[in-house]
Amino acid sequence: MTYEEAVSYIETQGWSKTRLGLGRTRELLTRLGSPQRDLKFIHVAGSNGKGSCCAMTASVLQAAGFRTGLYISPHLTDFCERMSVNGLYISHDELAEYTARVASEADAMADHPSQFEISTAIAMLYFRAKQCDIVVLEVGMGGRLDSTNVIDAPEVAVIMNIGLEHTEFLGKTLPEIAAQKAGIIKPGTSVVSYGNVPEVMQVLEDTCHENNVNLRVADFSALRAAAGKGVFPETASDLPVHKAAVPDELLASFVGQTFLYKGRKYFIPLAGAHQARNAAVVLEIAEALRERGWNLSEEAVRQGLAKASWPARGELLSEEPFFLLDGGHNPQCAGVLSEMLQEYLPHERVVFLIGLLRDKDRKAIYDIIFPFAASFVCLTPDSDRAMPAEELAEEIRRETGKEAIACPDIPSGIQTALETGGKVVAFGSLYMAGFIRNAFPAALKRFLRKRCLAARRALTPEQRAEKSHTICEKLKALSEVQQSTCIFSYLAAPDEVDLREFNAWAVSAGKKVCYPVSSPSGTMDAYIPENPEAIEQGPFGIWAPIVEKSQKVSPEEIELIIAPCVGFDAAGNRLGHGAGYYDRYLKQAAGAQTVLVAFEAQRLPKCPVDSNDVAVQKIVTEK
């Protein structure tokens, strides 16, 4: 079985929501040797916040040195995201291997297991094979009859915030739904709860009393979080995590936040006051584990929270241009998002990149986010329940009176939203959020290239000539240039920094000056033309040496590379034209120093980078 076959097999089984129950999962796991019996668990149920709680709890346990499994749902783009050990997803080959084992037993059952039941069985086999010390297990739906509830008493049973959800399966009232969630509470476990409303807390207290277990509730009166101050530190580590815990040092932004809980200071790289409350639950989980004999130092807890990752939930993908990604998809999620916008971007209006399913309460969502909207860009989520983008745009225009543009696909939607010039918030579907997250880096680079090229081309020929002369003079004075005997330069495109003056000076000074020749196959080489006539326009419209009339120079000979760019930032990251020729060549010429040349108009607050990019050591502009 291949990975593709495994995912196809799992997804064709259906969710079987109308056949809730533990019998099929118990039979399937018994056939597989009851792997869950060899594992310890933290079991997490709830309507909102359970995913964040699971991610932070797993990070804390990993920081404490425990081999930690994490089981979540749904995934963003790859099914393997559902199962991980110490932050590493199950591999495609492993998923195929364990799916084949589960399928052989599931297909032999008279009552065939559902998709989630099969997924749960695969996870149990995987976590046992990886010899996990503990597994953080997220409930799929409800709790009492959810397939994850086949486990014996967990180390800690966690009940997060509870709201009205899946009412056709779990009950019509909060107490009814709470009773289903509380079904994960068993004799011998420790119980931790988010501070819910009184009618929910009464159900939890009664259930704990029936099972003779203690209930530990997060004390939000002991939580002190910062109000959003529009602070955008360069990195999360810039926030004063380890300074004295005094209230006026607390910071909060879309990058993350510091908060006090019971007088101790912590940092989480997650935005929003709701995440500080979720983190308070995690701190109570840590206390419950300590009471059960688990060795969790305060420093491990602090580090684990600081390293937690929960993508596509209030995730800032770019500060400038501003692009926030949130996988929220219902009115409750819209409410949390609106609180974040009110806290961090008061009095601002954003562009919503939005896609919604037909069966969601769209009118309630519009009512919540409308006050924060400047306009909308609409997409069609990849679901048979999706609202088509054109229809969604028409409905939004009718319901809100705001401008709404329909786009045919995610890359064009991102591009359209960015080109409005406003702050962008992507919202409406978790599955859509995964595809947006994957498509965003390339879309951002296209947008920034377009912006930087426009800035470069806005200079007049006279301005380019004057600025190029200044840059050439600065290059001549560099010690790196003075000390180099072999320089890799370039022949400028019409709107680039013109280095002809510098190149001629370097040759007259007795230095070898070579130029790039790029091929359609993706390679770049360096050549010294025999004479000025040995230069022609290449396949990309850039002047380059004629190979047959030039001398090739090996990367090892080159001492200094002068590289152009479309855009750059102060850290030395460069935004190229997209093909990546220079980045690949810089790695070949690892012994050479690199100087970047550009006009100040091409400067960016921050360049997006990936694994192929190489930062330069020095930047020269006209300033």
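A salt bridge is taken here as a side-chain nitrogen of Lys or Arg within 4 Å of a carboxyl oxygen of Asp or Glu, and the model to which this is applied in the views below is a predicted one.

**View 1. A salt bridge between two loops, arginine 37 with aspartate 152**. The side chains of arginine 37 and aspartate 152 meet at 3.6 Å, N to O, and because the cut-off is 4 Å the pair counts as a salt bridge. Distant parts of the chain are linked by this pair, with arginine 37 in the loop between α2 and β1 and aspartate 152 in the loop between β5 and β6, 115 residues apart. Arginine 37 is exposed, at a relative accessible area of 56%, whereas aspartate 152, at 47%, is partly exposed.

View 2. An α-helix has 3.6 residues a turn, so residues three or four places apart point the same way. Lysine 476 counts as buried at 16% relative accessibility, while glutamate 473 is partly exposed, with a relative accessible area of 36%. Elsewhere, salt bridges that share partners join Arg264, Glu287, Arg290, Glu298 and Arg302 into one network, and the structure as a whole holds 33 salt bridges.

**View 3. Helix α8, with its buried and exposed sides**. Helix α8 (residues 198-210) has 13 residues and spans 18 Å from its first C-alpha to its last, close to the 18 Å expected at 1.5 Å a residue. Its buried residues are Val200, Met201, Val203, Leu204, Thr207 and Cys208. Because they cover an arc of only 155° around the axis, they lie on the same side of α8. This buried set packs against β6 (156-159), α7 (174-181), β7 (190-193) and β8 (215-217), whereas Pro198, His209 and Glu210 are exposed on the other side of the helix. Just after α8, asparagine 212 takes a positive phi of about 60°.

**View 4. The largest nonpolar core and the surroundings of phenylalanine 259**. This core has 42 residues, and those with the most contacts inside it are Ile42, Val158, Phe259, Val281, Leu289 and Leu305. Among the elements that give two or more residues to the core are β1 (41-45), α3 (50-63), β11 (256-261) and α10 (298-306), while the largest share, 10 residues, comes from α9. Leaving aside its neighbours within four places in sequence, phenylalanine 259 is in contact with residues including Leu223, Leu250, Tyr266, Ile268, Ala276 and Leu283, as well as with Arg224, Arg264 and Lys265. Apart from this core lies another, of 38 residues, among them Ile561, Tyr585, Leu586 and Ala589.

Technical notes. Residues numbered from 1 in each chain as written. Predicted model: local features only at pLDDT ≥ 70, side-chain atom pairs only at ≥ 80, totals over all residues. Heavy atoms only, no water. Helix = DSSP H or I, 4+ residues; strand = E, 2+ residues; numbered from the N terminus. Expected span 1.5 Å × (residues − 1). Buried < 20%, exposed > 50% of the residue type's maximum accessible area, 1.4 Å probe, protein only. Arc of directions from axis to C-beta. Contact = heavy atoms within 4.5 Å. Core = buried A, V, L, I, M, F, W, Y, C linked by side-chain atoms within 4.5 Å.
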